[in-house]
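Biologist: I am new to this structure. Could you show me how to read its features, one by one?

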Amino acid sequence: MYEHLETAQNPANLKRVVVDPVSRVEGHGKVTLLLDENNKVQQARLHIVEFRGFEKFIQGRPYWELPVLVQRLCGICPVSHHLAAAKAIDQLVGIDPENLPPAADKLRRLLHFGQVLQSHALHFFHLSSPDLLYGFESDISKRNVIAVLGDYPDIGLQGVKLRKYGQEVIRMVSGKRVHGTGAIAGGMNKALSKEERDYLLQDVDQIIAWADASVALIKKVHTANLPYYDDFATIRSNYLGLVKPNGALELYHGGIRAKNDLGETLVDHFDYCNYNDLIHEEVRSWSYMKFPYLTSIGKANGWYRVGPLARVNNCDLIDTPLAETARVDFKQHSPEAMVHSTLAFHWARLIELLHCAESIKTLLHDPDIMSADLVAKGEKRYEGIGVIEAPRGTLFHHYQVDDNDIVTKANLIVSTTSNNMGMNESVRQVAAEYLSGQELTEPLLNNLEVAIRAYDPCLSCATHAVGKMPLQLELIDAQGDMIDRLVRHSDGSFEH
Amino acid sequence: MTGTINIDGQNIPFEEGQTIIEAATAAGVYIPHLCHQPGYTPHGSCKLCTVKVNGRNCSACTFPAADGQTVINNSDEQQLDRRRITQMLFVEGNHFCPSCEKSGNCQLQGVAYHLNMLDNHYPHFFENREMDASHPDILIDHNRCIFCNLCVRASQEKDGKNVFGIAGRGINKRLIVNSPSGQLQDSQIDVNDCAAHICPTGAILIKRTGYQVPIGQRIYDHKDISEVALAQENDNGQD
């Protein structure tokens with residue numbers, strides 16, 4: 001792989017090139033390259049430069065605030081945080097997923113399908129389609145959704161309307177397009193009225209048709225550019241995500257499945273409440289974002305990718321017909337058991353978008369979503385874990401509370417965090433294979449952003465930890481001599 | 001004694017013993033307020049209901065109506081003063097409406113919307129205030145207390161207890177609990193007490209009930225606080 005480019009041997013005399021900020025992603029990040037005198041890349045890193053601190057400041061708050069509080073992590077996938085936290089606090093009131101009232105379970109799934117639909121549409125049409133339609137090194141003035149709307153009005157408008165529909169689903173279920181309420185401990189706070197259901201039903205067939213067309217579009221773009229699309233930013237990795245008991249694609253609740261790069265199953269139907277036995281997180285000194293890995297394999301090779309590519313790779317089937325046809329088609333394009341092409345994230349993402357559209361229609365025809373039986377209650381517990389497949393991948397929320405219902409401990413492993421190593425490897429692959437040795441220009445540097453963008457990272461979600469960051473403080477006098485040095489290690493210990 | 005007062009050019013009748021705000025409410029004229037609640041002893045602490053009576057600033061919730069008074073309620077000057085007072089209440093505490101369970105049902109938020117408060121104007125105090133979650137059913141989040149004294153009055157006047165008090169002055173003012181430990185769990189409060197339900201903000205809450213009312217069905221989702229207050233307070237008056 002390309003890990004040798006994580007840290008240059010002798011950085012002192014290397015030329016530094018910075019892409020700051022990485023554009024058309026959620027949150028703030030930058031890429032730094034260190035080049036030698038021949039413009040050969042010696043070091044390439046994706047840095048996450050923002051800091052959030054959610055895990056810390058939700059401590060001391062009452063647990064029922066969590067779904068509404070933590071969804072403020074993000075403006076694009078707040079529903080995923082809302083529902084992961086809701087699943088965790090369900091357990092705090094003694095309700096496991098199988099005991100949730102069917103109406104609440106289906107309303108949450110409907111909410112989540114709306115969320116994934118709008119997020120995937122936003123990412124593909126608004127953020128990534130300019131790269132794919134105009135070319136990675138095209139004129140910068142073309143690389144935005146406004147240009148797409150001008151030159152490809154049908155595609156652009158379908159993207160806008162697909163996203164709007166997903167947001168309308170969210171609004172009907174949770175009261176607002178962004179940052180609504182909806183899920184409460186043990187259930188939901190409202191059912192859908194007949195008027196709300198009929199409002200959503202009137203457009204759903206058109207949405208499915210547009211989603212199906214978007215899959216055809218990305219397939220056309222991807223296969224027309226082979227083998228480039230199968231090579232660009234491509235890395236071999238493990239993959240992790242939730243699946244249904246029958247191995248089907250699952251976005252709301254299931255067991256964890258992980259496969260290696262050959263498609264061999266590492267774990268299957270693993271109870272996510274034991275995630276601590278499966279995954280650990282490594283902290284590195286140069287990034288606010290942690291590096292999770294499968295403990296059974298270890299830090300060096302245990303890193304894995306999550307999100308649409310992982311989910312469509314991992315699952316045995318998709319339980320909606322059009323998306324299943326698209327999945328089979330997708331898998332057939334690859335000679336291997338697993339599709340490793342990083343740009344295939346887009347293709348997998350639109351297959352999921354189609355699955356969401358089909359699933360929304362199915363749920364809208366289910367009378368349970370209008371039922372008044374919305375909340376269940378059980379015996380109080382002191383620990384709750386909620387895991388969900390957010391648009392960007394597997395999302396873990398873990399909370400502990402005290403006798404007074406106050407949060408004492410929180411751990412969030414956010415989807416983008418799991419893709420940290422993957423994104424860095426892809427950046428290094430592009431730097432090494434496509435940029436190294438060339439005079440760097442803005443269009444050329446966009447290749448790095450295209451690699452990151454494929455993952456649809458949410459950098460603001462991913463940088464929430466506090467207190468574990470290794471820090472090194474050096475006091476240097478006017479002559480450049482170090483007169484004092486203080487180091488804090490990731491375990492919290494200090495060295496002077 | 002009965003008579004007439006004039007509020008913003010409108011003649012309004014009053015009855016013996018009524019304050020200006022009571023006469024105004026009965027006549028369908030809204031005067032913004034937070035610490036005033038019909039049925040409770042007037043307190044005059046929030047100052048939002050400040051009106052000009054014959055050219056002089058007075059709290060409408062404590063000032064008796066008297067025949068021939070000229071009252072200015074809805075002038076630009078009065079509304080600006082009220083907006084500034086509301087902004088001070090926001091920056092003094094820690095009010096995070098986006099995640100607060102009282103959002104949509106909160107009188108402080110409702111008044112802020114009514115007064116077209118679009119920013120905080122003043123720098124935040126960011127004071128570190130504690131929570132008291134010791135009681136099994138009631139939570140005090142001191143971050144949101146505006147010292148309106150309604151819980152103090154409710155406990156004394158309605159519940160026949162003396163659970164709450166306001167201690168300190170000025171910047172050191174704080175809500176205290178009358179119990180040996182100072183904790184709510186050791187006080188006489190009961191979840192059914194008026195004092196547990198009277199808070200106009202999210203400072204005193206019933207545990208495990210947050211967010212149960214969907215967005216769209218909360219008190220101020222579709223109605224301005226002026227409309228809600230006039231309807232509620234005139235209903236209460238008839239009771």
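Biologist: Let us begin with strand pairing. How many bridges join strand S7 (residues 255-259) of chain A to S8(A)?
Modeller: The general idea comes before the case. Strands of a sheet pair through backbone hydrogen bonds, either parallel or antiparallel. In this predicted model, S7(A) and S8(A) run antiparallel, joined by three bridges. One pair to look up is A:Lys259 with its bridge partner in S8(A), A:Thr265.

Biologist: In what order do the four strands of the open sheet in chain A stand?
Modeller: Read across the sheet: S8-S7-S6-S11, with mixed pairing. Strand S8 (265-270) and strand S11 (304-305) of chain A are at the edges. Each has a single partner strand, so one side of each has no neighbour in the sheet.

Biologist: Chain B has a hairpin to read. Which strands form it, and how many residues lie between them?
Modeller: The hairpin is made by S8(B) and S9(B), with six residues between them. Strand S8 (residues 164-167) of chain B and strand S9 (residues 174-177) of chain B run antiparallel and share four bridges. B:Ala167 stands opposite B:Arg174 of S9(B). In the turn, B:Gly168 has a positive phi of about 75 degrees.

Biologist: Where does a residue other than glycine have a positive phi?
Modeller: Again, the background. Most residues other than glycine have a negative phi, and most peptide bonds are trans. A:Asn39 has a positive phi, near 65 degrees. Find A:Asn39 in the loop between strand S2 (29-35) and strand S3 (41-48) of chain A.

Biologist: And the peptide bonds? Which residues does a cis peptide bond join?
Modeller: Look at A:Leu226 and A:Pro227, where omega is about 5 degrees. A:Pro227 sits in the loop between H7 and helix H8 (228-231) of chain A.

Biologist: Now helix packing. At what angle do helix H3 (residues 78-92) of chain A and helix H4 (residues 102-134) of chain A pack?
Modeller: The angle is about 150 degrees, and the axes are 9 Å apart. An angle over 145 degrees counts as roughly antiparallel. H3(A) and H4(A) are therefore roughly antiparallel to each other. The crossing of H3(A) past H4(A) is left-handed.

Biologist: Which residues make that contact?
Modeller: H3(A) brings A:Val79, A:Ser80 and A:Leu83. H4(A) brings A:Arg108, A:Leu111, A:His112 and A:Gln115. Sorted by class, the contact of H3(A) with H4(A) has three nonpolar, three polar and one charged residues.

Biologist: Step back to domains. How is chain B divided?
Modeller: Domain 1 covers 3-81 + 227-238, and domain 2 covers 98-221. Their centres, taken over C-alpha atoms, are 24 Å apart. Domain 1 of chain B gives 12 residues to the contact, and domain 2 of chain B gives 15 residues. On the domain 1 side, seven residues are nonpolar, five are polar and none is charged.

Technical notes. Residues are numbered from 1 along each chain as its sequence is written. Chains are lettered from A and ligands numbered from 1 in the order in which they are written. This is a predicted model: local features need pLDDT of at least 70, side-chain atom pairs count only at pLDDT 80 or more; totals for chains, interfaces and linings use all residues. Axes are lines fitted to C-alpha atoms, for helices over the stretch in contact, and angles run from 0 to 180 degrees between N-to-C directions. Helices (H or I, at least four residues) and strands (E, at least two) are DSSP runs, numbered from the N terminus. Angles under 35 degrees count as roughly parallel, over 145 as roughly antiparallel, 65 to 115 as roughly perpendicular and the rest as oblique. A crossing is left-handed if the near helix is turned anticlockwise from the far one by less than a right angle, and right-handed if clockwise. Two residues are in contact if their C-beta atoms, placed from the backbone, lie within 7 Å. Ala, Val, Leu, Ile, Met, Phe, Trp, Tyr, Cys and Pro count as nonpolar, Asp, Glu, Lys and Arg as charged, and the others, Gly among them, as polar. Domain bounds come from an automatic or database domain assignment. Two strands pair if DSSP finds at least two bridges between them.
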